[in-house]
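Biologist: Can you put the model up? I'd like to go through the ligand site and then a few backbone details.

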Amino acid sequence: MSQAGPQPLFPLFLDLRQRRVLVVGGGTVAARKVAALLDAGADVALVAPTLEPSLEALVRAGRVALLGAEFRPEQLDAAWLVVAATDAVEVNRILADAAHARQRWVNVVDDAQLASAQIPARVQRGPLQIAISSGGAAPMLARHLRERLELQFDDAFGALAQLFTELRDRIRTRLADLPTRRDFFQRALSGPTLAQLRRGDAIGARRSLEAELRNPPAVLRGRVALVGAGPGDPGLLTLRALRLLNEADVILHDRLVSAAVMAMARRDAERIEVGKRVGEDHDATQQRIHARMIELALAGKRVVRLKGGDPFVFGRGGEELQALRAHGIDCEVVPGITAAVACAAYAGIPLTHRDHARSLQLLTASTRSGAAEHDWGALAKSGQTLAFYMGASGLARLRDRLLDNGLPATTPAALVENGSLPQQRVLAAPLIDLPELAQTHAVQAPALLIVGEVAALATSLHWFGSPPITPERGRCRNSELARAA
Ligand code: SAH
């Protein structure tokens, strides 16, 4: 029975102990399958006209039953599973048909079309197994993956799994409910046990696990991590952010956090979008978020508060941390790559450069009460880079303030929309022309404005996505007028 189209196979691990598996074939391929089946404790019965030496030895030792030289359908009756390991396609086909007529699963070695069951490539570490399937589409790929996993998971994982098996009953009685148990495993994995096993210190490893078991935290304490999700490309998450996303019970995220980043989180974590609601003001939103985090943490949840970019850069992370601390809640902060840093990198704009800029300022273009005020005179000085957040809509005003305060009209500027995401766009122009260019191209939030000599480098240093959009010749009247003046 072939599996049609791209329908993925259903993975399953079988307990074959003392269950009859019928293997048809007597060559080296059959011998390999028989060995693996015996390892799993199966009761192997063999059908083959001739046997290669290792199989013959097994039959002689009584470890494998030889049913006969030729396959007969009634041999299927006692079998749970059938392995066709002959090199005769016709025999394999007859066998597969007969097995399927009796609703037996059949693995046909090297023939995914005839088979209803496939034996995956696997990585085995004690009781721990990782099985890999490409659904018959690309066995080489599955093998390649296996080799990589072999490197990634050393023998310590097998030893750890073995330890967990030995302590299983004690773990269950001592830590009756699932959240405390999950917490225990988490602590066990991040504690010294694996390292001890790697050093070959099995006794020490067991002791540290037992210590964890004897003294579980009195009450399961919830905690909150303020985590920076970066600008959108999941490759820009930190390893710590990734680990926390994998451990979280609940994730409170902003609308700005990309779907690709959310896809990295634990599947059964509860996800709650906590962006501003229609008709709600910013302060009410913020109060609601604080209350939600506190409530969840007090209920013992591991909460990840996931924010675009960095939590402490225009992210109100400071206020959130204050609220959490005021309620005595365990907190940690994981920095993220902030929009200025990410957009600059992905647009090919070095934020500082020995020839162009010796300082960088992160600024907001707007506040909750409208356009932000700054010391415009200081911002208009040369030799620095300005990165404006939240400036997509107030661009013309920003430009006017800077130019009115003495910044040269031809100062290079760049606007990066959806930085680091596949749909990233970069607009590069003299500051005086940028607002019109942005309007022409209907730039929308999120967008970051970079002002300063370094912005001119985008045209030569860009490497990601499409080249920067620049004003058409003859249409940048503003800057030409300015130059003439
Ligand atoms: N804490 C965030 C900033 C939040 S304020 C950080 O550290 O990046 C929201 C502003 O960030 C947006 O208005 C925009 O100016 C900027 N921003 C966030 N993500 C962006 C992205 N992918 N591309 C361009 N700008 C972005």
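Modeller: This is a predicted model. Starting at the ligand, one of its nitrogen atoms lies 3.0 Å from a backbone N or O atom of Gly-308.

Biologist: And which polar backbone atom is 2.8 Å from a nitrogen atom of the ligand?

Modeller: That one belongs to Gly-419. On the oxygen side, a backbone N or O atom of Met-390 lies 2.8 Å from an oxygen atom of the ligand.

Biologist: How much of the ligand does the protein bury?

Modeller: The protein buries 92% of the 540 Å² that the ligand exposes when taken alone. The space taken by the ligand is the second largest pocket.

Biologist: Which residues come nearest to the ligand?

Modeller: There are 18 residues around the ligand, and those that come nearest are Asp-310, Val-313, Thr-338, Gly-419 and Ala-447.

Biologist: What is the make-up of that shell by class?

Modeller: Twelve residues of the shell are nonpolar, five are polar and one is charged.

Biologist: Which helix and which strand each supply at least two residues of the shell?

Modeller: Helix 14, residues 339–347, and strand 19, residues 447–451.

Biologist: Now domains. How is the protein divided?

Modeller: Domain 1 covers 20–119, domain 2 covers 155–214, domain 3 covers 223–337 and domain 4 covers 346–484. Domain 3 and domain 4 each give at least three residues to the shell around the ligand.

Biologist: How far apart are the C-alpha centres of domain 1 and domain 4?

Modeller: Those two centres lie 71 Å apart.

Biologist: Backbone next. Where is the cis peptide bond?

Modeller: The cis bond joins Ala-445 and Pro-446, with omega about 0°. Pro-446 lies in the loop between helix 17 (434–440) and strand 19.

Biologist: Which residue has a positive phi although it is not a glycine?

Modeller: Asp-110, with a phi of about 65°. Asp-110 is placed in the loop between strand 5 (105–108) and strand 6 (121–125).

Biologist: Why point out these two spots?

Modeller: Because most residues other than glycine have a negative phi, and most peptide bonds are trans.

Note on methods. Residues are numbered from 1 along each chain as its sequence is written. This is a predicted model: local features need pLDDT of at least 70, side-chain atom pairs count only at pLDDT 80 or more; totals for chains, interfaces and linings use all residues. Side-chain values use heavy atoms; hydrogens and water are left out. A residue is near a molecule or strand if one of its heavy atoms lies within 4 Å of it. A polar contact is a pair of N or O atoms within 3.5 Å; within protein, one must be able to donate a hydrogen and the other to accept it, and residues adjacent in sequence count only if both atoms are side-chain atoms. Accessible areas come from the Shrake-Rupley method with a 1.4 Å probe; for residues, only the protein chains shown count as cover. On a 1 Å grid over the protein atoms alone, a cavity is a set of points where a 1.4 Å probe fits but cannot get out, and a pocket is an open set with protein on both sides within 12 Å along at least five of seven lines; lining residues have an atom within 4 Å of a point. A molecule sits in a cavity or pocket if more than half of its atoms lie within 2 Å of its grid points. Helices (H or I, at least four residues) and strands (E, at least two) are DSSP runs, numbered from the N terminus. Ala, Val, Leu, Ile, Met, Phe, Trp, Tyr, Cys and Pro count as nonpolar, Asp, Glu, Lys and Arg as charged, and the others, Gly among them, as polar. Domain bounds come from an automatic or database domain assignment.
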